[in-house]
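Please look at the sequence and the model below before reading on. The text after them walks through the structure step by step.

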Amino acid sequence: DSKWFSSSISLEYVHQLRSLFDGIMVCAGTVIADNPQLTVRLGVSVIPKTRSPKKITNPYRIVLDGKLRIPLDCNLINNKDGKTIVVTSSDSEKNNKDKNPNDNIKNKINNKNKKEKMARIRSFGHRVIVCGDNDEVDLRELVVRLRDIGIRRLMIEGGGELVASAL
């Protein structure tokens, strides 16, 4: 199914790992480059012997996208289970009052487009969380907000930049 793993055993292991987490986090770049599904599709859950068997459910799919660049036709948006969360930043126009007036006009257009895209994502049944500004997501605030909706165990499948930011 996936061409990114070295063997079917490693692919199955990743799916087993996913089943242990409440959420899987990636950046917009991963979505744009790879169009992942971020679901549990293979094998059975790896459950420690001290716990009872668990029904395999898909974790929430969390995309960090400060500029809201992900395409609306990507797998994460087209999955209709309502478990995709797109995290973006607040309008950047608030922080650019002293800059070039032409930049302010451009920001107003971009922010209008961003609000329309957030509405479209919500229309698919998914959540949009706004935290951070200037196209940067605030990871500290995000972790608190994810905890508030029940996401306690988070797997980071993104690239090196996301991993470094999380640490």
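This is a predicted model: local features need pLDDT of at least 70, side-chain atom pairs count only at pLDDT 80 or more; totals for chains, interfaces and linings use all residues.

Residues are numbered from 1 along each chain as its sequence is written, and side-chain values use heavy atoms, with hydrogens and water left out.

Start with the parts list. The chain has 6 helices and 5 strands. Here helices (H or I, at least four residues) and strands (E, at least two) are DSSP runs, numbered from the N terminus. Read from the N terminus on, the elements follow the order α-β-α-β-α-β-α-β-α-β-α.

Two strands pair if DSSP finds at least two bridges between them.

Strand β2 can be followed in more detail. β2 (residues 60-64) runs parallel to β3 (residues 84-88), and 4 bridges join the two. Within this pairing, I62 has I85 of β3 as its bridge partner, and L64 has V87 of β3. β2 also pairs with β1 in the parallel sense, over 5 bridges; there, I24 stands opposite R61 of β2. In a regular strand the side chains alternate between the two faces of the sheet.

How much of β2 is covered? Of its 5 residues, 4 are buried, so by the definition of buried they have under 20% relative accessible area (exposed is over 50%, partly exposed in between; 1.4 Å probe, protein chains only).

Touching, or contact, means heavy atoms within 4.5 Å. In helix α1 (residues 8-18), the buried residues are S10, L11, V14, H15, Q16 and R18, and they pack against β1 and β5.

Next comes the interior. A nonpolar core is a set of buried Ala, Val, Leu, Ile, Met, Phe, Trp, Tyr and Cys residues joined through side-chain atoms within 4.5 Å. The largest such core has 16 residues, and V31 and I70 have the most contacts inside it. At least two residues of this core come from each of β1, α2 (28-34), α3 (75-78) and α4 (101-123). Leaving aside residues up to four places away in sequence, V31 touches V26, P36, V63, I70, C74 and L76. A second, separate core has 13 residues, including L64, I129, V137 and L139.

What about the cysteines? A search of the whole structure finds 0 disulfides, a disulfide being a pair of cysteine sulfur atoms within 2.5 Å. C74 is buried, at 1% relative accessibility, whereas C27 is partly exposed, with a relative accessible area of 23%.

Some loop residues deserve a look. L68 lies in the loop between β2 and α3. L68 has a positive phi of about 55° although it is not a glycine. Is L68 buried or exposed? It counts as buried because its relative accessibility is 6%. D135, in the loop between β4 and α5, also has a positive phi, near 65°, and is a residue other than glycine. D135 counts as partly exposed, at 31% relative accessibility. G125 sits in the loop between α4 and β4 and is partly exposed, at 45%. Although G125 and N78 are 47 residues apart along the chain, their C-alpha atoms are separated by 9.8 Å.

Finally, consider the chain as a whole. Of its 167 residues, 37% are buried. Among contacts with a separation of 6 or more, 67% join residues 24 or more positions apart.
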